[in-house]
Each structure stands twice: as C-alpha cells, then as structure tokens.
Amino acid sequence: MSTSTYRMNRATPGMTRQAGHGAPLGGGTLALQPLTSTVPKELVHRASVAEVMLTDWARRGEHHFALAAQWPRGHSFFTSVDGCHDPLIAAETIRQAGLLLAHAEYGVPFGHHFLVSDLGVAVRPAHLRVGDAPASLELDVRCRDVKERRGEVTGLGIEVEIHRDGHLLGTGGGTLTCIAPRVYQRLRAGRGPGAQVLALTAPTPPQSVGRMSPMDVVLSPIGESDRWQLRVDTRHPALFDHRVDHVPGMLLLEAARQAATATLGNTRLPLALASQFLRYVELDTPCTIEARPATETGTGTGQAAATGRAAAGTGQEGAKTVHVTGRQGGAAVFRCTVTMAPPHP
C-alpha cells in the first residue's frame, strides 16, 4: 500500500518539532495539548480535514512518541458495528501515525511517497463502544528498524498501543518505506493520477457484506461464493480522498472485511486484521478477492499470526478467522487475515 504525498512550498502550520531525530524545540518533552484542531492534513496525506484522526503529538524518547486522536461518534464510511467504533478507523489512525512521524519527527520531505508493506490492528470491544461524545484517544507509538541512507530516513516500522480513558483499546503497527519522487516516477513509469480506470462494476448486495449503502460496497459478484471482483469507485469521498495512481490500501482492508463477512454469513465486529501489501494494485486491471475460513483462530504466519493471537486474548471465545487474498494478473498482490467476533446468541 502506498499513499501519494502532497507537495508543499510553505511552512506547515502547527509544526513545532524539529525535522529529523532531534529533541523538540526547547530541548524538553512536550505534553499533549487539549484538542483545538487536527494536525495539518498534509502530514497524514489527506485532502479533507474531516478525514484526519490525529490532533497532536509529542516526543517521549529517541524513538518513542505520544499522539492524540479523536474518533467521531458517526463517520460517513467507518460506521459503527454492534454499537462499537469500526476497528478499521483504528487501522486508519495507525496509518496516519506512521506518516505523521515520518514527516514531522524523522524529516522525510514533502513530495516523497510511502510504500506500506504491512498493517495490522487488534481491538478490545469492551473499550470500543460508541459513547455520548467523540472518543478521545492517546497513542503510545514506538518506532523500530529506522533505516537511513546518506543521512536521510528511508523506512521505519511502528508499534502502537491505543488507549481510551486509561484503558488499552487496541494494538497494531506497520512498516513503511520512503520513496523519493524521482524514484517513484521510475517505479510507476507510465502511470499517474490520470491513469485509466476500469468501468465501475455492480455491487454485491450490501447486507451480505455488512453494509447499508451500495456506494460503500467494494466487492462485485462473479458467480462464486468465495470469490469476487474488487469494486473500485474512484468517486468515493473517503476511500479516494484525493487522486492516486493505484488502489488505496484502506480499500483493500475494507474488501478483506467484506469478504470475511460474506464468508461467515453474519455481520460481526472485526477483532483483528493483519495485512500484507505485496504489489501495487492497479486501477485499470481486474483484481479478484478470494476468501477461505481458517481451521482455527490465529493460524497464519508472521504478523498475521501475531495479530490473531492478540485477538484471541480479547476474551472473545468462538471468534472465527478468514484468510483473504487479492490477485491481479495471476499474481497475489494482497493478503489479509481477518478475525471476527462470534455472532450474538
């Protein structure tokens, strides 16, 4: 998964930290400030302020940071499930955390692109309930495997704990690579934000994939119970917040969630998602989404297994796991392990 980066020729408003690895201005640790606004949308690669989840950040140590975030009670796309905030909004918040720290604390210039190779999240439903006010959150973020070349950061991983009202709401993390514009242009030669896009295909019935509106369905039927064509609507205001030259990673995560829902035959709360983004998913070529139930919760390798174990620790007996694979041009381009809560009695 990658995200296009905005080019800016002005100072970023609200940027109080030094670029690079140094301590914040003043040489001390900054406390998170009371919420007055979001962080600059450019830091998290969003065009709409409404899609920015982070509100502040502060350095705690050399590679240790605290971030503040807020989730609305209702979101146009990340809708509540069983009275809980959508766990995919937690995944989006983690994604934004990595981008913000890369720019604001590790000095990755605006204009660079980011390739996210894996992203995972596991949540605790007891602390995920939608309340009578927006959810105020604090993220404890530790950066790992920070890679440099010629004094510039070229990649890093993050490990995140999300806290709400003093309780651990969820955990997650991911890995990203920073790509200079000239390298990205070579990598994506012949493609750009104006690239040809496949004609929009018909949606799978929304209720079968846990959605209310056909506009939010990202799977199209192909006559098989465990396979679909990825449905890509570049007009979707949340999934395509701005123009990009490939399928966004959050759309692929939603496809995995919808495929798991259809496979299990019941709308359930995702307890954990662990994804690997293997290649760019192109806009002009059909992508097939395949799903198969796992024989037991937490099966899989690498981060998928770790996230499955995290979900198993939430106390949700009877949780079910589904393995989802995206294929394009005969090659696997995306994998995701989705662990879903058991249905209501």
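**Reading a helix pair and a pocket**

Author: In this predicted model, helix 1 and helix 3 cross in a right-handed manner.

Reader: Which residues make the contact?

Author: Helix 1 contributes Leu88, Ala91, Glu92 and Arg95, while helix 3 contributes Met250, Leu253, Glu254 and Arg257. Sorted by class, this contact of helix 1 with helix 3 holds 4 nonpolar and 4 charged residues, with no polar ones.

Reader: Turning to the largest pocket, how much space lies in it?

Author: The largest pocket holds about 330 Å³ of space. Its lining includes Pro109, His112, Arg149, Arg150 and Glu152, and also Cys178, Ile179 and Arg182.

Reader: Which elements give two or more residues to that lining?

Author: These are strand 6 (152–164), strand 7 (167–179) and helix 2 (181–187). Strand 6 supplies the largest share, 3 residues.

Reader: How do the lining residues of the largest pocket divide by class?

Author: The lining of the largest pocket comprises 6 nonpolar, 2 polar and 4 charged residues.

Notes: Residues numbered from 1 in each chain as written. Predicted model: local features only at pLDDT ≥ 70, side-chain atom pairs only at ≥ 80, totals over all residues. Heavy atoms only, no water. 1 Å grid on protein atoms, 1.4 Å probe; cavity = no way out; pocket = protein on both sides within 12 Å on 5 of 7 lines; lining within 4 Å. Points joined across faces, edges and corners; volume = space filled by probe spheres on them. Helix = DSSP H or I, 4+ residues; strand = E, 2+ residues; numbered from the N terminus. Nonpolar A, V, L, I, M, F, W, Y, C, P; charged D, E, K, R; others polar. Left-handed = near helix turned anticlockwise from the far one by under 90°. Contact = heavy atoms within 4.5 Å.
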